[in-house]
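Subject: A structure for you to explore

Hi there,

Here is the structure I promised to pass on. Please open it beside this email and find each residue as you read.

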Amino acid sequence: MRRQVPLLICFVAGIVMLAQSFIPPLTWFYTNALAWARIIACIALFIGLISLVRLHTTKIKRKSANWQFSMITLCALGYMMLAGLLTRYGFFIWLHGKCVSGSTGDGFVTVLENAFNFQDIFLNVQIPIQATMFSLLAFYIASAAFRAFRARTLEATLLLIAATIVMLGRVPIGQMIPGISEITTWILDVPNTAAKRGIMIGVGLGMTSTALKIMLGIERTYLGMKD
Amino acid sequence: MTLETFDTTFGLWIGALLTLCIFSFLYKDNPFYRFAEHLFVGVSAGYWLVYNYWNIVKPNLIDPLAARRWQYLLPLALGIFMLTRLCPKIGWLSRWPIAFMIGSGSGLMVITYLQSNFLEQIKSTLVPLDPSGQPWYVLANNLILLVGVVSGLVYFFFSKAHTGVTGGVARIGIVFLMVSFGASFGYTVMARISLLIGRLYFLLHKCAGFI
Amino acid sequence: MSFWRFLLRMDRRIVFILVALAVIAPLIAPLNLPISVSKPVRNLHRAVDQVPAGGRPILVSVDYDPSTVPELRPMTLAVLRHCLKRGVPVIVLNLYPTGSGLARDAVETVGKEFPGSSYGKDYVYMGYKPGVTLVMMGIGEDFHDTFPTDGYGRQSSDLEMLNGVKNYDDIALMIDFTGSAAYEAWIMFAHQKYGCDVGAGVTAVMASDAYPYLNSGQLVGLLGGLSGAAEYEQLIDWPGNATIGMDAQSVVHILIIILIALGNIAYFATRRQGQTAQAAGRERAGGS
Amino acid sequence: MLTRASVSFAGRRLLHLSMCVLAGSLVLCCQALCQSPPSDTPPFPATNLVAKDTPDDDGGSITLSWTLSADDSGGKNDVIGYEVRRSKDPNGPFETVKSVSKGTSGVTDESKVENDAGYYYQVVTKDVGSETPSTVFGPIQAGVQWFNLGRLNTLIVTLIYITLLLYFIVQAKKGAKLFIRRIAGLDALEEAVGRATEMGKPILYVPGISTISDVATIASLNILSGVARTVAEYDTRIIVPNYDPIVMTVAQEVVREGFLAAGKPEAYNEQDVFYVTSSQFPFVAAVDGIMVRERPATNLFIGMFFAESLILAETGASTGAIQIAGTDAVAQLPFFIAACDYTLIGEELYAASAYLSRAPLLLGSLKGQDWMKMFLIGCILIGLITLNAGYDGFKSLFDIPLTIFR
């Protein structure tokens, strides 16, 4: 039960999924399996939630380093869940600009909604932090280039030359150099495409081989067991 | 000041402060960053839960079940099996839904990737090499493309040592890989700088503009 | 010699400061480097330029959210400026709720820059309208029924420039600014169904997806990313945020190239001196 | 200037609702009104209407095509669209099943098409005031195909691949000696773990930010299994932050098993394999925090990554950790290569399981992969020769979907 059944489920699910690609009347499995997987993943978020809460409550209990900040995480989490689940309007309705279903807001609900304003927190907290985290890449891309692009070997030299040419070819100041745009386009279209294709074919073969091994039960580490 | 403009101004200021908190990480780890980080994790985890509840669980599970469409009991059961993870004694049951997801995912990947990363790649590598009727540089580019793809593949040969001819070809493959990595790196710089410009513009214009 | 060693061990925070300065400096003191204009941008510019002043209006849809503002707002402003500068009336609307503030802000910003033009006569803001494709179709049937009021709640019938606008036949050109595939829907409805010319402004990442529409003539022109916006600003001779942004791009790109060059010179200089690997390699042991 | 400041949030949403309903109903009304009686000259009809059962599907669908009306992009050029009408009786009445815009010369009808029922179709060309029907086509039946001929080439390739893999796996089982070339990034794994032990610092393992259905994640968990065992042997701490709760579940199991295999189940701490959040940048913010606070001596980023790859790798580099990355995300490889000490490129990630375990079954499949590459190079060579000899039939064998049987 503990080991054989999961291997069997994995095998059958894999084979049916393979078969539905070739046998049109089986396509219902594809649609349903995807929907089921999504539902399972959502229910599993509860496990994630427990893990997150446990981690931070342990930190607070043990008063380990930075435990005060764990309280912020827990408060934010609780607040967002309250705001999003308990108010009468799901925020996502707002998000997609769809119409509101349900009753109109009486005084109390309006007050409650404004107090727990889910979308405002999303807009004023999540979006700016997200954009800023993303923009850190501008700094890191510069520091990585400075640190790593050293002409130590032939390969490293090629890497840095290609990077430099393409960087020049992308900006107005570099485009003043005659021919640089054309060379940039050529590098991106020819050697770059060739190498990417080589990697993609390799990835495709490696991935499908691993997937087949998983289906056949040869690769079963994910069940926590080695053969 | 109306409620709405107050709201917007207040929101902008919170956004600006959090932006600065994150930027402070570039100097070093500090309580401001820790604050923003922990807030961010909590808000996003809560947001994600709520989002999934409203967008997936409710429309795709609760609503159909409420409408007595019993075939939805299967995903519900698999989901509950997943939750047995929380009780160590019957936790092994959670392997069933996991096996289902991994199995169906694998089956799907085999077809998708053999099509997109095998058949289609062969097709797009089949380019005309006939010297007549096309300028020399098109021919040259096609040849280079071919050499790049084949030598790149040889680099990924695992069951042969990279010595002799194989080694030589694999080395050409590495040359192509490195040029490609350099080019992609250089190409991405602009998009990343655009992000920073956006953030700095937000700070300097939108927020400082309020002073 | 110690300069080179300093360079190799340089704290990366110095690089960060240089990058920040390289972005901020052009934002404050623009360089206005010349920008070469690509064909899709020139085509969109020409399409707007050929619309007779004071005649049929241009319809502009602002369909982006805060995440793509750095790239799309400059191009929106550039096109609006071009219209008002030439006296072509513009109708601005918005189909995505997260973008309504952005759309209104764009209209008001440009409106203030042209004190000679007036709201309702030279430009209008129709506000956010849910339903996306429903709205696109609605405009084809009856503009006034779809938009009984503008974005500020005024009656559309009171707005002078909307009097002659019944459907797409009364619109000279439609331009969509978006970070999503909204422009495809505009092509489908405004162009394919009602025969209105459509142009688009999209993010740099999406521009390659939009090229096929350009080649097939379904888009009259295309602005892609910050560089597309900068090129448009160049054409209307009004350097704005995109031109400044491209200046910043130039400066940062050159900065990175200089850093790479210096790093390599330092690497070889110190290596020749016999001060090898440890100093030159990853500055790991010391950490930072 | 009038603002809607006074309207409360709920009220505003109500406004959206009413506007949406209003706009929707208006559009419907307008469409109804537009069915006004014909006035001007009717357009030329669409011609050559052909309907056939949609190939390679499970029924319920019929594909139609026609030649555009002479007034569509030509003649008077006043066509606004076409309506596709359907009936079970050649004499009608016909019901409209689909409306398409001008310039469209084909459509797939999937609206309640019954299998094996005979249908008659008609395409009506419309201009502003009038319409012209085409000749009726039919009867035509929709049917179920039991095999998708469009994917025959995919099936053949899949079968060839499975055969090759199984053949070499069987060979390996029989004890054939199998060689595998060096993979520097994997050789460095043990050294990296050893270094953390020497320094008395933990190891950070990030299994990517994708789900369990992604094979790259499973490849990563395979590597994690080996790493966990070594870590347990060396008595080092391993930290595994997770982006997906199911991946976390599996990672916990894999790490526990690793500790068990090393004979130190008591050293395993479940709270070191934990869930952070399922959004990209908050996850990165938290992992960055771990890197600067816990100061792991070794960072392993293995699995599927997106734009955050460089944020992770650069922060890790700044703490002086030794870093090994591995991903099949082609777009992220340049950044890992630049910022990490070793990078497993694409297929090397998938080879890791065999490389680390040296299990003959897995090594056999690597050999199968190589033969598949030979097969591919062979296909390319044959394709080039036939193509340049003026025959492009071979190239069309790789079409998706395959159309040579249509």
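Let's start with A:E155: in this predicted model, A:E155 has a relative accessibility of 13%, so it counts as buried, the cut-off being under 20%. Which residue does the side chain of A:E155 meet in a salt bridge? The partner is B:R171, with 3.0 Å from N to O. A:E155 belongs to helix α7 (residues 154-170) of chain A and B:R171 to helix α6 (residues 164-207) of chain B, so this pair joins two chains.

The general idea is simple: side chains of opposite charge can pair when their charged atoms come close. Over all chains, a search of the whole structure finds 31 salt bridges. Another one brings together the side chains of C:R12 and D:E314, at 3.4 Å from N to O. This pair also crosses between chains, from helix α2 (residues 12-28) of chain C to helix α7 of chain D. C:R12 counts as buried at 17% relative accessibility, and D:E314 is buried with a relative accessible area of 0%.

Have a look at the helix around D:E314, too. How many of the 10 residues of α7(D) (residues 309-318) are buried? Nine are, which leaves the helix mostly covered. Among them are D:L310, D:I311, D:L312 and D:E314 itself. After α7(D) comes D:G320, which has a positive phi, near 80 degrees.

Within chain D, the side chains of D:D235 and D:K264 form a salt bridge of 3.3 Å, N to O. These two come from distant parts of the chain, 29 residues apart: D:D235 is in the loop between α4 (215-234) and β10 (238-242), and D:K264 in the loop between α5 (245-261) and β11 (273-275). D:D235 is exposed, with a relative accessible area of 57%. There is also a network of salt bridges that links B:D29, B:R34, B:E37 and D:R293.

Now for chain C and its strand β1 (residues 58-63). Is this strand enclosed or open? Six of its six residues are buried, so the rest of the structure largely encloses β1(C). In a regular strand the side chains alternate between the two faces of the sheet. Here, C:I58, C:V60 and C:V62 point one way, while C:L59, C:S61 and C:D63 point the other. β1(C) runs parallel to strand β4 (residues 173-178) of chain C, with six bridges between them, and C:I58 sits opposite C:L173. Four bridges also join β1(C) to the parallel strand β2 (residues 90-94), where C:I58 has C:V90 as its bridge partner. Between β1(C) and β2(C) the chain passes through helix α4 (residues 69-86) of chain C, in a right-handed β-α-β crossover.

Last, the rings. The count is 34 aromatic pairs over all chains. In one of them, C:Y125 and C:Y152, the ring centres are 5.9 Å apart and the planes are at 65 degrees, so the pair is edge-to-face. Both residues are buried. An aromatic cluster is formed by A:W28, A:F29, A:W36 and B:F100. Charges meet rings as well: A:K63 lies over the face of A:W67, 4.5 Å from the ring centre, and the charged end of B:R199 sits over the ring of B:F202, at 4.4 Å from its centre.

Happy exploring!

Technical notes: Residues numbered from 1 in each chain as written. Chains lettered and ligands numbered in written order. Predicted model: local features only at pLDDT ≥ 70, side-chain atom pairs only at ≥ 80, totals over all residues. Heavy atoms only, no water. Buried < 20%, exposed > 50% of the residue type's maximum accessible area, 1.4 Å probe, protein only. Pairing = 2+ DSSP bridges. Right-handed = clockwise from strand over helix to strand, strands pointing away. Phe/Tyr/Trp six-rings, centres within 6.5 Å; stacked < 30°, edge-to-face > 60°. Lys NZ or Arg CZ within 6 Å of the ring centre and 35° of its normal. Salt bridge = Lys/Arg side-chain N within 4 Å of Asp/Glu carboxyl O.
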